[in-house]
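Please read them alongside the sequence and the coordinates.

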Amino acid sequence: MIMNPIFLKSGEREVLYGIMDGFTGKTIAKKLNVSYACVADRKRRLFDRFGVRSTKELIVAYNNYLIKIKEIEEIRQKLSGGINANTL
């Protein structure tokens, strides 16, 4: 399976981290010192990038993405001899 990397702009990343920490859009806006409309726009772009339609779906999609990245790194280490093949 080929996984395309998801490249986030710094503002999108900050909003995503705020969402993952459980903050509301208004709280994220206050913490980042930006308008709520700015946070809502970045959140919409995150939805587009991850192909989701809700905050819950975004959280699940991002967690799944992180799991896949970890699996890929473990496979790379195994193939390069970094991990004992018998442990996987």
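1. The protein chain contains four helices and zero strands, in the order α-α-α-α along the sequence. Helices here are DSSP runs of H or I with at least four residues, strands are runs of E with at least two, and both are numbered from the N terminus.

2. This is a predicted model, in which local features need pLDDT of at least 70 and side-chain atom pairs count only at pLDDT 80 or more, while totals for chains, interfaces and linings use all residues. Residues are numbered from 1 along each chain as its sequence is written, and side-chain values use heavy atoms, with hydrogens and water left out.

3. Of the 88 residues in the protein chain, 22% are buried. Buried means under 20% relative accessible area, exposed over 50%, and partly exposed in between, with a 1.4 Å probe and protein chains only. The protein chain exposes about 6500 Å², and carbon and sulfur atoms supply 53% of that area. Accessible areas come from the Shrake-Rupley method with a 1.4 Å probe; for residues, only the protein chains shown count as cover.

4. Among contacts in the protein chain with a separation of 6 or more, 54% join residues 24 or more positions apart. A contact means heavy atoms within 4.5 Å.

5. Helix α3 (residues 36–50) and α4 have axes that come within 10 Å and cross at roughly 55 degrees. α3 is therefore oblique to α4. Angles under 35 degrees count as roughly parallel, over 145 as roughly antiparallel, 65 to 115 as roughly perpendicular, and the rest as oblique. The axes are lines fitted to C-alpha atoms, for helices over the stretch in contact, and angles run from 0 to 180 degrees between N-to-C directions.

6. On the α3 side, Lys43, Leu46, Phe47 and Phe50 make the contact, and on the α4 side Thr55, Leu58, Ala61, Tyr62 and Tyr65 do. These residues divide into seven nonpolar, one polar and one charged.

7. Ala61 lies in helix α4 (residues 55–79) and counts as buried because its relative accessibility is 18%. Leaving aside neighbours within four places in sequence, Ala61 is in contact with Phe50 and Val52. Ala61 and Phe47 are 14 residues apart in sequence, with C-alpha atoms 9.7 Å apart.

8. Asn33 is in the loop between α2 (25–32) and α3. Most residues other than glycine have a negative phi. Asn33 is not a glycine, yet its phi is positive, at about 60 degrees. With a relative accessible area of 72%, Asn33 is exposed.

Methods
Nonpolar A, V, L, I, M, F, W, Y, C, P; charged D, E, K, R; others polar.
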